[in-house]
Amino acid sequence: MHIAFAASECAPFAKSGGLADVVGALPQELAKLGHEISVYIPFYPRVRRFIEGAPHYAVRSLTIPFRYYNRFVGVIDGGKRDGVRYYFIDCPEIFDRPDLYGPHGGEYSDNAERFGLFCRAVIEAAKILGVPQVFHVHDWQAALIPVYLRTVYATDPVLRSAATVLTIHNAAYQGKFPPNTIEQLLFPWDLFTLDKVEHFNRFNFLKGGLVFSDLLTTVSRKYAEEIQTPEFGEQLDGVLHRRAADLHGILNGVDYSRWNPAADTNLVACYTPRNPIGKRACRADLLRLFGLDQLPENTPVIGIVSRLVAQKGFDIVAQISEQIAERNLAVIVLGTGNSYFENFFRGWAFRHPDNVAARIRYDEGIAHKVEAGADLFLMPSRYEPCGLNQIYSLKYGTVPIVRATGGLDDTIEEWNAQKATGTGFKFAGCEPKDLLAAIDRALAAFHSPKEWPRLMRNGMERDYGWVNSAREYQAIYKEAARRRG
Ligand code: ADP
Ligand code: GLC
């Protein structure tokens, strides 16, 4: 089949979180299954460094109309990598900016236009470069593709049989804009109703995608259930519940060619489950990097690599930060985001220079070093559609402590010392005392020479590669195409 991916992020070209990892890896796995895959993303300045010489245009100029003007868009041919064809939507006045979505974790004021343009440009480009059997669109930034296809482009014979699959990576980010966005993006006003794109008197991109896509997926089974409830549905639970029969939870895989301690070029030493000795050198390297090299050998190190936003549950950590720091452990943090959380971590490190250290920045190389050098990995997320870092941690022998929600609950099994089963430590609810109890259980296991190596190995031997999930997506594409055909 020919599948076209459309998303606002794709590793290694442009990444702010796990969406990029998924859009970077799933297409390659599908290509291995024999499918023809194209991936469309915007041409941000950071994508430039992946192109040698002058950009080669697959399409010189597409006209994208808005209410009072047209914009002219090029499509850069990103070449074929690992069997996947990449196209970059080039519109300098819209995408030639330092941030993907806005400065300091905020939003550019014209994001409706930016991603509206992106969606329409992908459709126009596909008409020239090849209409796929399925458009697989990701999150709100690409969610207008199904809306355009079934409204503005409904009578276009070339596009009629193209099916659409929308994957929700995070239901909290919806792309909500003022009602007159309808006119600006040249949609008919009859779309602005409760059963279509209107949501509390806003034009809601994600809702439009949920209504108009043939099939819907999200990134874990548990999150697929959770988002149908008011607690997790971000006010879209009604729409999602109505489409429950078309909504599938498919767990994200991991790209083990990028995330594997046996062959990770970011590390000072490599290691495997059978020969984990190199992890010690990684730990020493990490502690040196974070200025904690005086830490005694038997002190457990808890790593955190995260976008610092409310979703990730660091407010629970903040409530007991002193109790945590008083324990015999160290905490190493790498993250950026919301200034409240950035300042909390800076302050925590300032108060406990001997065992808490934070780098408030985005750095992929250091992210790998934390995965490898830490003993434990903390993800206390209030909700987590899938979560990738806890799955990376398993592979790196870094035992996860997680809140039992979404993909965290689906991927981490509580350690059982009697049976020697399980891969980590979980807590339910949002009570700080429950998090502290999970940390204490983890510390007890860490200090048991009998338990710890086994617990590490259990995680390292788990396989969360893409193979099975790619097959599940393949079945979804076939079903979507069958319904359209
Ligand atoms: P989310 O997509 O909600 O941010 P995931 O766990 O799915 O959460 O994915 C996060 C991805 O982003 C991981 O690959 C992680 O390593 C990366 N990441 C997050 N923050 C940073 C950072 N400050 N530096 C480097 N990588 C980061
Ligand atoms: C989102 C979610 C995260 C998920 C990622 C990739 O950013 O917050 O849980 O792993 O998308 O699907």
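Angles of 65 to 115 degrees between axes count as roughly perpendicular. The exercises below concern a predicted model.

**Exercise 1.** Determine how helix H1 and helix H19 are oriented towards each other, and which residues make their contact.

*Solution.* 
Step 1. Two packed helices are described by the angle between their axes and the distance between the axes.
Step 2. For H1 (residues 18-32) and H19 (residues 467-484), the angle is about 75 degrees and the axes lie 9 Å apart.
Step 3. An angle of 65 to 115 degrees counts as roughly perpendicular; H1 and H19 are therefore roughly perpendicular to each other.
Step 4. On the side of H1, the contact is made by Leu26, Glu29 and Leu30, and on the side of H19 by Val467, Ala470, Tyr473 and Tyr477.
Step 5. By class, these contact residues comprise six nonpolar, no polar and one charged.

**Exercise 2.** Characterise the largest cavity by its volume and its lining.

*Solution.* 
Step 1. The count comes to one cavity of 30 Å³ or more.
Step 2. The largest cavity has a volume of about 70 Å³.
Step 3. Its lining includes Asp21, Val22 and Ala25, together with Trp259, Leu388 and Trp466. H1 gives the most to this lining, with three residues.
Step 4. The lining of the largest cavity divides into seven nonpolar, one polar and three charged residues.

**Exercise 3.** Describe the second largest pocket and identify the element that gives the most to its lining.

*Solution.* 
Step 1. The volume of the second largest pocket is about 450 Å³.
Step 2. Its lining has 16 residues; Lys279, Arg280, Asp375, Trp452 and Met456 lie nearest its centre.
Step 3. Helix H10 (278-289) and helix H18 (451-460) are the elements that give two or more residues to this lining. H18 gives the most, with five residues.
Step 4. By class, the lining of this pocket has eight nonpolar, one polar and seven charged residues.

Key
Residues are numbered from 1 along each chain as its sequence is written. Chains are lettered from A and ligands numbered from 1 in the order in which they are written. This is a predicted model: local features need pLDDT of at least 70, side-chain atom pairs count only at pLDDT 80 or more; totals for chains, interfaces and linings use all residues. Side-chain values use heavy atoms; hydrogens and water are left out. On a 1 Å grid over the protein atoms alone, a cavity is a set of points where a 1.4 Å probe fits but cannot get out, and a pocket is an open set with protein on both sides within 12 Å along at least five of seven lines; lining residues have an atom within 4 Å of a point. Grid points are joined across faces, edges and corners, and a volume is the space filled by probe spheres set on the points. Helices (H or I, at least four residues) and strands (E, at least two) are DSSP runs, numbered from the N terminus. Ala, Val, Leu, Ile, Met, Phe, Trp, Tyr, Cys and Pro count as nonpolar, Asp, Glu, Lys and Arg as charged, and the others, Gly among them, as polar. Axes are lines fitted to C-alpha atoms, for helices over the stretch in contact, and angles run from 0 to 180 degrees between N-to-C directions. Angles under 35 degrees count as roughly parallel, over 145 as roughly antiparallel, 65 to 115 as roughly perpendicular and the rest as oblique. Contact means heavy atoms within 4.5 Å.
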